Amino acid sequence: MHSFHNLHKLKLEKYGGVEVVFEIESPTTSELVTTHHNQQPPIILPNLQELYVSDMDNMSHVWKCSNWNKFITLPKQQSESPFHNLTNISIYNCKSIKYLFSPLMAKFLSNLKKVEIELCYGIEEVVSNKDDKDEEMNTSTRTSTILFPQLDSLIIRYMKNLKCIGGGGTKDGSNTISFNNTTTATASLDQFEFLEAGVASWSLCQYAREIEIHKCDVLSSVIPCYAAGQMQKLQVLTVRSCDGIKELFEKSGCDEGNGGIPRLNNVIMLPSLKILHIACCRGLEHIFTFSALASMRQLEELTIKYCKALKVIVKKEEDNASSSSSKEVVVLPHLKSIVLLDLPELEGFFLGMNGFLCPSLDTVGIIDCPKMLVFAPGGSTAPQLKYIHTGLGKHTLGECGLNFHVTTAAHR
C-alpha cells in the first residue's frame with residue numbers, strides 16, 4: 001500500500017478471491033520503539049479520496065488489522081493518519097461482509113463525507129467491534145474522539161439483515177452503546193443505565209445531513225435511542241419499504257419525560273430536520289408524538305405514502321403529566337407542504353384538541369385516505385393555503401370539511 005502514495009480513487013469489481021481489501025499489519029514492539037525514536041513509517045494511502053467496492057462475493061472485511069491498538073498508538077497528527085483524505089465509500093453487492101467499520105478504524109476517517117451501502121445482505125450493523133477481540137480503546141479515545149465529524153450523506157439500500165443503523169455493541173454481544181462526543185459523553189453515561197464505560201464509542205448518524213434508508217426490513221426503528229440528541233445536523237430523512245419499522249423514534253430505554261421524545265441532556269432530537277419522506281412502511285401506526293413534532297420547527301416538507309397500517313401522523317401523548325396543554329397551538333413556521341397518499345387506515349393528522357398554525361403552508365394533498373374525516377379536531381390555520389388537493393380534484397378549505405380555519409388570505 002505504501003507504493004500507491006498518490007492514489008486518489010480505487011475501484012474494485014468482481015474479484016472473487018479477495019477476502020480483505022486492506023490488510024494492515026500492526027508493528028512489532030521493536031518497530032514501535034524504532035518509530036518513536038526515529039521517524040514515522042510511510043503513511044498508508046494518504047491521498048485516497050474515493051473507494052468503490054462491488055460484487056466481491058468472498059470479501060469479509062474492507063479493513064482488517066491484527067492489532068488495532070498497536071497500530072493506533074503510532075504518534076500521528078491528523079494529517080499524517082492513514083486514509084485521512086478518504087471522503088466517499090460505496091459498497092455494492094458484497095454478500096459476505098458483516099460490517100463496514102471497526103470503531104478503532106473509524107477513528108482515522110475524519111474527512112469521510114458519504115457512505116453508500118447496497119445489497120450487502122450479511123451486514124447486521126455498519127460499525128462493529130466484534131472482531132476487535134480483547135482490544136479496548138483507552139479513556140482518552142473514548143471521551144475525546146469524535147467519529148465521522150464531516151459525514152454528510154448516509155445511504156443504505158436493500159440490507160435485509162441490517163438491525164441497526166448506528167450499530168455496535170459490547171464485547172459480550174449486547175447492544176450497549178456509548179457516545180464519543182466530548183460534550184455529552186459523561187452525562188450520557190450518568191443518564192442511561194444501558195450505557196457502560198469501555199464499550200465502542202461512536203455514532204454513525206451523529207453528523208449526517210442526509211440519511212436515506214430503503215428496503216431494510218429487519219429494522220424496527222429509524223432513529224435509535226442512543227443517538228438521541230446527537231443528530232443536530234440532519235436535514236433530510238427518507239425511509240422507504242421498511243416493513244419491520246414500528247416507530248420512527250425508538251423510545252425503549254430512553255428518558256421519556258416529555259411525551260416520549262428520546263432526549264439526551266434535555267436536547268430534543270432533529271431540530272434541523274427540513275424534509276421527511278416516508279413510503280411503503282407497512283408496520284408504522286404513527287410518525288411522531290405530539291411533542292416530537294412540536295420540536296421540529298425547521299420542517300418544510302412532510303410526505304407520507306403507502307403506509308397501510310398508519311392511523312395518525314401525530315400521536316397523542318399517553319402520559320397526561322408530560323403532555324402539552326390541550327389548548328396549546330403548535331406553530332410550524334416553515335412547513336410548506338404536506339402530502340398524504342394511499343393511507344387506508346388514516347383517521348386524521350392529529351386527533352387531540354391542540355390546534356396547528358402553519359403560516360408558510362401552501363400545499364396540502366390528501367389522496368386515497370378514505371377514513372380521514374378531520375385533519376385536527378382542534379383546528380388548523382394556514383393563511384397561505386387556498387386549496388386541498390384530493391383524488392377528486394382540488395377543494396377550498398370550506399369545501400373539504402377537514403376543520404381548516406378559513407382565513408382572508410385563503411379567499412384571495
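I began with contacts (heavy atoms within 4.5 Å). Among those in the chain between residues at least 6 apart in sequence, 83% join residues at least 24 apart.

I noted what I was working with. The model is predicted, so local features need pLDDT of at least 70 and side-chain atom pairs count only at pLDDT 80 or more, while totals for chains, interfaces and linings use all residues. Residues are numbered from 1 along each chain as its sequence is written, and side-chain values use heavy atoms, with hydrogens and water left out.

I looked up the secondary structure, taken as DSSP runs numbered from the N terminus (helices are H or I, at least four residues; strands are E, at least two). The chain has 8 helices and 28 strands.

I then checked burial (buried is under 20% relative accessible area, with a 1.4 Å probe and protein chains only). Of the 412 residues, 51% count as buried.

I turned to strand β1, residues 9-13. I found β1 parallel to strand β3 (residues 50-54), with 5 bridges joining them. L12 has V53 of β3 as its bridge partner.

Last, I traced an open sheet of 3 strands, in the order β17-β19-β22 with parallel pairing. β17 (288-289) and β22 (348-350) are at the edges with a single partner strand each, so one side of each lacks a neighbour in the sheet. Pairing requires at least two DSSP bridges between strands; β17 and β19 (residues 312-315) have 2. F288 has V314 of β19 as its bridge partner.

Note on methods. Buried means under 20% relative accessible area, exposed over 50%, partly exposed in between (1.4 Å probe, protein chains only).
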